[in-house]
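Here are my notes on this one, in the order I jotted them down. Have the viewer open as you read.

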Amino acid sequence: MVWITAILLTLTLKFSISILKLIVPFLLIIVIALFSSSFDKFSLYGYVKDITYMLKPALGLILGYQLFKYQSPDRVFKTIIYTGIAIAIIHLLLVVNTFISGKASSLARLRQYCGYFNDFEIYALILLIFHEKFEVHFTKNNFRLYVLILVISSFFYFARTNFIQFIILYIALKGYFKINTKSIIVLTSVVMLVGIGYAIIYNLNPRRNGSGTEQFLYKIKIAPIEPFKTKIDITNWKDLNDNYRSFENVLTIQQVSDAGTQAVIFGKGMGSSVDLKQKIWLQSSDMRYIPFLHNSYMTVFLKSGLTGVFLLLYTIYFLLTIKSSKIPIVNNINLMLVGTGFFLIVSSWVFLGLYNTSDNKALLIGLLIGFTEYKKQT
């Protein structure tokens, strides 16, 4: 409701072709889901809830694009950076309070009370590190202080996806996703370093119930298998807990396929859900029927079938194929959008991508595209 209200207050009827190429596929996914839901009877609550979830990426892109005209162009990036710093300070205060109150008994508890991830802070950190490329200037002392705040805060989320996000966006801003001899050498070196680091962690054999750091290393150890495992022992709570994302994916494919060819192509529609076959504690309550999964590809597959998945993949493809520009700042924004495309491949698989209720990347993408359109016209 906040986003819809903000859109109405900043309403514009002029949209560039670029932003429409991102908005329209998300709207088509909703249209397909609405069409598919006409073949089954679902609860009104589930139906309305699904519409609000499925609208989120399109609303974020529209709002971000519209908000640009209410922001002074020379302050866009400073606004993002300062907002990220403000969020980081609030997060650090939560972390300190959690430790003082004795609630941080484990890594899971710390993340429960303080947050599981924050993509916005990573964007703010990347913009800060490359501030000169975005025509933003800070004194040396302020730069060091802001970087320190954002680094410490980002670390205390203990989110694997945020570490991946930082690496991808950093590589993107350095221009290493453009294929040439130097980029191949750099990317190969990064892959080798990641492989060596993972091998070291794997051989350390961290325990799932060890100290906070050990628990985090355990999560890294199981990361390559966790999203892709197809055989899970649901009678073993450790195996189920470690591979829960895969468990969701397997059930979704089975249940959509069982509903027939039409469901596979166009999904089961708004209001549909996946039956976990048992009640499972998910953050705040026991649930058996879940309307949304950790995986946005599978979520869209459930609602809109393979047709919806192809539309979702197109939005990522669009970001990955954004061309370079002769305007330096526009080119740097495009590099960030390409990096965002690569990150969305990962984020959409493990954290619902742009559909996550806590996600704000759609706002940033819309804002950045609005900025590039402005710069091209001036």
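1. Start with serine 246. Setting aside residues up to four places away in sequence, serine 246 touches Ile225, Glu226, Pro227, Phe228, Lys229 and Ile232. Serine 246 sits in helix α12, residues 244–258. At 1% relative accessibility, serine 246 counts as buried, because the cut-off is under 20%. Keep in mind that this is a predicted model.

2. Now the main core. The largest nonpolar core has 83 residues, and Phe77, Phe134 and Ile365 touch the most other members. Helix α14 (residues 296–320) supplies the largest share of this core, with 11 residues. There is also a second, separate core of 6 residues, and Leu107, Cys114, Phe158 and Phe216 are among them.

3. Isoleucine 365 deserves a look of its own. Which residues is isoleucine 365 in contact with, leaving aside neighbours within four places in sequence? They are Leu22, Leu61, Leu319, Leu337, Thr340, Leu344 and Leu354.

4. Phenylalanine 158, one of the residues in that second core, is placed in the loop between α7 and α8 (160–173). Phenylalanine 158 has a relative accessibility of 8%, so it counts as buried. Its phi is near 50°, a positive value in a residue other than glycine. Most residues other than glycine have a negative phi, so I'd look at the backbone here. Glutamate 135 lies in the loop between α6 (119–129) and α7 (140–155).

5. Helix α5 (residues 107–114) comes next. Leu107, Leu110, Arg111 and Cys114 are buried in α5. They span an arc of only 95° around the axis, so they lie on the same side of α5. Leu107 and Cys114 also turn up in the second core. Just after α5, glycine 115 takes a positive phi of about 120°.

6. How do α4 and α5 meet? The axes of helix α4 (residues 76–100) and α5 come within 9 Å and cross at roughly 130°, which makes α4 oblique to α5. The crossing in which α4 passes α5 is right-handed. On the α4 side the residues are His91, Leu94, Val95, Thr98 and Phe99, and they meet Leu110, Tyr113 and Cys114 in α5.

7. The packing of α8 against helix α15 (residues 328–350) has an angle of about 155°, with the axes 8 Å apart. That angle makes α8 roughly antiparallel to α15. This crossing of α8 and α15 is right-handed. From α8, the contact is made by Thr161, Ile164, Gln165, Ile168, Leu169, Ala172 and Leu173. The α15 side includes Asn332, Leu335, Met336, Gly339, Thr340, Phe342, Phe343, Val346 and Val350. Thr340 is also one of the contacts of isoleucine 365.

8. Last, arginine 207. Its place is in the loop between α9 (181–204) and α10 (212–222). Beyond neighbours within four places in sequence, arginine 207 is in contact with Glu214, Gln215 and Tyr218.

Methods. Residues are numbered from 1 along each chain as its sequence is written. This is a predicted model: local features need pLDDT of at least 70, side-chain atom pairs count only at pLDDT 80 or more; totals for chains, interfaces and linings use all residues. Side-chain values use heavy atoms; hydrogens and water are left out. Helices (H or I, at least four residues) and strands (E, at least two) are DSSP runs, numbered from the N terminus. Contact means heavy atoms within 4.5 Å. Buried means under 20% relative accessible area, exposed over 50%, partly exposed in between (1.4 Å probe, protein chains only). A nonpolar core is a set of buried Ala, Val, Leu, Ile, Met, Phe, Trp, Tyr and Cys residues joined through side-chain atoms within 4.5 Å. The arc is that of the directions from the helix axis to the C-beta atoms. Axes are lines fitted to C-alpha atoms, for helices over the stretch in contact, and angles run from 0 to 180 degrees between N-to-C directions. Angles under 35 degrees count as roughly parallel, over 145 as roughly antiparallel, 65 to 115 as roughly perpendicular and the rest as oblique. A crossing is left-handed if the near helix is turned anticlockwise from the far one by less than a right angle, and right-handed if clockwise.
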